[in-house]
Amino acid sequence: MKRTFAVVALAAVLAACSTTTPPTEPAVALPEAWYAPPLAHQGSGQNLAQWWNQFDDPVLTGFIQSAQTLSPSIAAARAQVFAARASLAGVQSAAGPQVSVLANASRGETPGQQPLGNSLSAGAQMSWALDVWGGQAASAQRARAQQDAANAGWHEARVLVASEVAQLYFAHRLCLAQLAVASSDRDSRAATANANAQSERAGLTAPAVAALARASGADAASRTEQQAEQCERQLKSLVALTGLAEPELRAQLAAAPGLPASPRLEAMLAVSAVPAEVIRQRPDVYRAQRDLVAASEGVGVARAALLPSLSLSGNVLRNRFSSGGITTSFNSWSVGPLTLSLPVIGRAGLRASADAAVAQYDAAGAAYAGTLRRAVAEVEQALVSLASLRQRVDATQTAVEGYTRSFNATEARYRVGLANLNELEEARRLKLNADSSAVTLQQERINAWISLYVALGGGFDPLDTLNASKEPS
């Protein structure tokens with residue numbers, strides 16, 4: 001017994017040893033500050049987990065909730081979370097002692113030693129594969145890292161669905177604004193075409209001039225129909241994303257609040273000055289880092305498989321033997337055998353598995369570094385876009401006001417015969433372009449802010465435990 005416990009104690013000491021694993025934080029050069037122009041106004045960076053609420057638009061919030069409930073990508077990500085949790089639980093359970101209940105029954109005799117009789121026994125049998133080289137601990141760490149990566153993937157899927165719905169929602173509403181611009185232009189050109197048609201019939205307008213007016217009206221009508229088609233197509237896409245009935249979705253869109261103004265957009269968000277602090281809050285960066293950890297622990301698992309393994313077993317039994325009308329009952333127990341196993345034949349396959357694990361680690365490290373660089377670039381690009389759009393706002397507004405005054409003046413001159421139709425159409429074209437550019441600029445600004453939210457991680461916090469079993473909100 002003393003020898004047995006001495007061997008067990010030695011096994012416990014060896015269990016503290018572990019195979020070496022590659023580093024999980026490779027050196028990746030990141031800038032110390034953003035080179036893009038900073039935000040003009042610093043708002044709050046809190047509660048970005050539901051950044052769409054910052055737009056203060058209940059219709060948008062409802063659409064996003066509906067889309068997240070139906071999204072197949074979110075459902076798949078949530079299933080991966082469940083699978084990762086189950087895998088971790090299985091690994092943790094397999095690493096500890098295993099206990100099973102057993103029962104045996106037999107009838108027989110041993111000539112010259114044991115008469116014919118019945119033998120019954122019941123009890124528990126224990127076994128424990130000792131983690132001598134840390135392979136089981138590495139396997140558990142790998143499973144835990146995979147669960148963390150799955151959690152981050154679930155959050156990332158929610159953010160991407162929210163951004164897709166938000167961009168489509170605002171695109172549709174601004175498409176309607178463009179439709180209003182096109183309709184106003186169509187009506188204006190139609191009125192001019194009608195006036196010229198009447199003047200032509202009276203012999204006061206040349207046929208070529210009347211034809212030009214009709215062509216201009218037809219072109220405006222075609223442009224308006226094309227814009228209406230685009231808006232309808234976007235609405236159908238919203239129906240598919242949200243799963244709402246089309247009449248209900250149209251009713252909600254009709255009751256939507258006004259579009260967010262530029263000052264409100266500017267005050268909605270703050271960006272930390274240190275890039276490393278920002279990008280580590282992104283779920284894709286965290287997921288790539290946890291994938292790297294899982295790959296590193298996988299190397300440890302593969303290397304441990306090349307080393308000797310140690311297992312201990314034992315049992316506790318209640319035995320009963322009956323023969324010739326005499327019944328005997330007694331207890332028995334045993335500790336052992338203590339088994340040491342070293343793979344000899346087939347080590348080439350185990351070495352190949354270790355080499356494959358190292359190659360997977362190298363690939364995960366390259367992917368992690370690439371994700372970091374891409375994250376920095378996406379934030380930089382979003383900041384550049386916002387800075388450029390801020391500079392274009394005043395110029396676009398000036399253009400709209402100037403071309404509107406010019407068109408109104410030219411139209412007034414045209415009515416009294418002081419301007420020809422070509423001058424009117426040119427002024428109208430410039431006004432239409434300016435009005436359309438203003439709407440397009442507003443859409444670009446909203447999309448840039450949505451892109452910045454996504455680039456900042458959408459409120460993901462690696463320190464929080466993500467409960468992916470709940471329905472996304």
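Does Arg 374 count as buried, partly exposed or exposed, and at what relative accessibility? At 40% relative accessibility, Arg 374 counts as partly exposed, a class lying between buried (under 20% relative accessible area) and exposed (over 50%), with a 1.4 Å probe and protein chains only. The model is predicted, so that local features need pLDDT of at least 70 and side-chain atom pairs count only at pLDDT 80 or more, whereas totals for chains, interfaces and linings use all residues. Residues are numbered from 1 along each chain as its sequence is written, and side-chain values use heavy atoms, with hydrogens and water left out.

Helices were assigned as DSSP runs (H or I, at least four residues) and numbered from the N terminus. Helix α4 comprises 67 residues, 135-201, and reaches 95 Å from its first C-alpha to its last. This span is close to the 99 Å expected at 1.5 Å a residue, where the expected value is 1.5 Å times one less than the number of residues. Gly 203, with a positive phi near 80°, follows α4.

Side chains of opposite charge can pair when their charged atoms come close. With a salt bridge defined as a side-chain nitrogen of Lys or Arg within 4 Å of a carboxyl oxygen of Asp or Glu, the count comes to 21. Asp 57 lies in the loop between α1 (2-15) and α2 (58-70), and Arg 173 in helix α4, 116 residues apart; both residues are buried.

A further salt bridge joins Arg 189 and Glu 425 at 2.8 Å, N to O. Because Arg 189 lies in helix α4 and Glu 425 in helix α11 (residues 421-455), the pair ties together parts that are 236 residues apart in sequence. Arg 189 counts as buried at 6% relative accessibility, as does Glu 425 at 11%.

Arg 374 itself meets Glu 378 in a salt bridge of 3.8 Å, N to O. The two residues are four apart in helix α10 (residues 347-415) and are therefore separated by about one helical turn. Glu 378, at 29% relative accessibility, counts as partly exposed. Salt bridges that share partners also join Asp 185, Arg 189, Asp 219, Arg 223, Glu 425 and Arg 428 into one network.

Nonpolar cores were taken as sets of buried Ala, Val, Leu, Ile, Met, Phe, Trp, Tyr and Cys residues joined through side-chain atoms within 4.5 Å. The largest has 37 residues, of which Trp 51, Phe 55, Leu 60, Phe 63, Tyr 169 and Leu 249 touch the most other members. Helix α4 supplies the largest share of this core, 13 residues. A second, separate core of 31 residues includes Ala 36, Ala 354, Tyr 368 and Leu 456.
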